[in-house]
Amino acid sequence: MAHIDELVRRRDQALAQFATLGDLRPGKLALNYRKCGKPRCHCAGDDSPGHGPSYVLNRSIRGKTRSIRIRPDEVAQTRALLDEHERFLVIAAQYLEASEALADARRAEAVDAGEKRKQRSRRQKPVSPDLSTS
Ligand SMILES: [Zn+2]
């Protein structure tokens, strides 16, 4: 029982952390260089990395990558949003872990209680709700 109380405490702690989250967004910030395709441009040379660097925010949605260009003045804010998303993932993982452990612990407890009950009576009839009081 003390074990269950501890798991409830851990789950509720994680739940409370959700409320502390600020704005966030998922994805990965990448530096991007590109070739414009003009044959006379400096970027056409084999030794040129291409135009850039520019920042691109990549986000995978159901296997497809969505890319958004991030202006230099947006980089700091974007990083903050991505950091907050990382925090969200950590909290979500803690919440899931505690919830799953709690479900296991309650199941184990129910099995124990069920075995004790079985020793007394084989089966109980379901009790129908009393509707006569109204
Ligand atoms: Zn070019």
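Modeller: Two strands are taken to pair if DSSP finds at least two bridges between them. Strands (E, at least two residues) and helices (H or I, at least four residues) are DSSP runs, numbered from the N terminus. This is a predicted model, in which local features need pLDDT of at least 70 and side-chain atom pairs count only at pLDDT 80 or more, while totals for chains, interfaces and linings use all residues. Residues are numbered from 1 along each chain as its sequence is written.

The sheet is open and has 3 strands in the order S1-S2-S3, with antiparallel pairing. Strand S1 (28–34) and strand S3 (64–70) are the edges: each has a single partner strand, so one side of each has no neighbour in the sheet. On average, neighbouring strands are turned by 40° against each other, direction ignored; the angles here are between axes, which are lines fitted to C-alpha atoms (for helices over the stretch in contact), and run from 0 to 180 degrees between N-to-C directions.

Strand S2 covers residues 51–61 and is joined to S3 by 7 bridges, the two running antiparallel. Tyr 55 is placed opposite Ile 70 in S3. Ser 60 counts as exposed, with 11 C-beta neighbours inside 10 Å. For such counts C-beta atoms are placed from the backbone, and a residue is buried if 20 or more other C-beta atoms lie within 10 Å of its own, exposed if 12 or fewer, and partly exposed in between. Between the C-alpha atoms of Ser 60 and Lys 28 the distance is 9.2 Å, although the two are 32 residues apart in sequence.

The loop between S2 and S3 holds Arg 62. Arg 62 is not a glycine, yet has a positive phi of about 45°. Most residues other than glycine have a negative phi, and most peptide bonds are trans. Arg 62 is exposed, with 4 other C-beta atoms within 10 Å.

Helix H2 (residues 75–118) lies across S1, S2 and S3 and runs at about 140° to S1; contact here requires C-beta atoms, placed from the backbone, to lie within 7 Å. From first C-alpha to last, the 44 residues of H2 reach 64 Å, close to the 64 Å expected at 1.5 Å a residue, where the expected span is 1.5 Å times one less than the number of residues. Of those 44 residues the number buried is 1, so H2 lies largely in the open.

Key. Two residues are in contact if their C-beta atoms, placed from the backbone, lie within 7 Å.
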